[in-house]
Amino acid sequence: MAETDGEDIEDLPPSAKLVFKVLEYDGPLTQKQIVEESMLSARTVRYALERLEEIGIVDEDIYFADARQSLYRIEEPVAADGNGVDESPKKDACCAE
């Protein structure tokens, strides 16, 4: 994951970690949907999303169903070669053929 000024997700407040987990489990959501899922206040969710965006973990997109809202999603990890990171399970050395 991307880091800014040495800050990582472990350094964020609990509300930002909860918002991250909600997005991780439920996929792209609007701020209103995150408020409903997390049961946090709108202001707290807004602050958490700002912090997550600052360190490059969350990306904000246009929500085409309602242009007044934004759609938030977790950014995909990128490998050094520019391709997406393959998160498929690796075989153990003892089991490799």
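This is a predicted model: local features need pLDDT of at least 70, side-chain atom pairs count only at pLDDT 80 or more; totals for chains, interfaces and linings use all residues.
A residue counts as buried when its relative accessible area is under 20%.

**Helix H3 and its hidden face**

Which residues of H3 are buried? They are Val 45, Ala 48, Leu 49, Arg 51 and Leu 52. Looking down the helix axis, you'd find these buried residues within an arc of 160 degrees, so they line one face of H3. The general idea is simple: an α-helix has 3.6 residues a turn, so residues three or four places apart point the same way.

What does the buried side of H3 pack against? Here are its partners:

| Partner of H3's buried residues | Residues |
|---|---|
| helix H1 | 14–26 |
| helix H2 | 31–38 |
| strand S2 | 58–62 |
| strand S3 | 70–74 |

**An arginine in the list**

Arg 51 sits in H3, and it counts as buried because its relative accessibility is 15%, under the 20% cut-off. Leaving out residues up to four places away in sequence, Arg 51 touches Glu 7, Leu 12 and Pro 13.

**The core**

The largest nonpolar core has 17 residues, and Leu 49 and Leu 52 are among those with the most contacts inside it, as is Val 58. H1 and H3 each supply at least two residues of this core, with the largest share, five residues, coming from H1. Val 58 touches several residues beyond four places away in sequence, including Leu 23, Leu 49, Leu 52 and Tyr 72.

Conventions
Residues are numbered from 1 along each chain as its sequence is written. Side-chain values use heavy atoms; hydrogens and water are left out. Buried means under 20% relative accessible area, exposed over 50%, partly exposed in between (1.4 Å probe, protein chains only). Helices (H or I, at least four residues) and strands (E, at least two) are DSSP runs, numbered from the N terminus. The arc is that of the directions from the helix axis to the C-beta atoms. Contact means heavy atoms within 4.5 Å. A nonpolar core is a set of buried Ala, Val, Leu, Ile, Met, Phe, Trp, Tyr and Cys residues joined through side-chain atoms within 4.5 Å.
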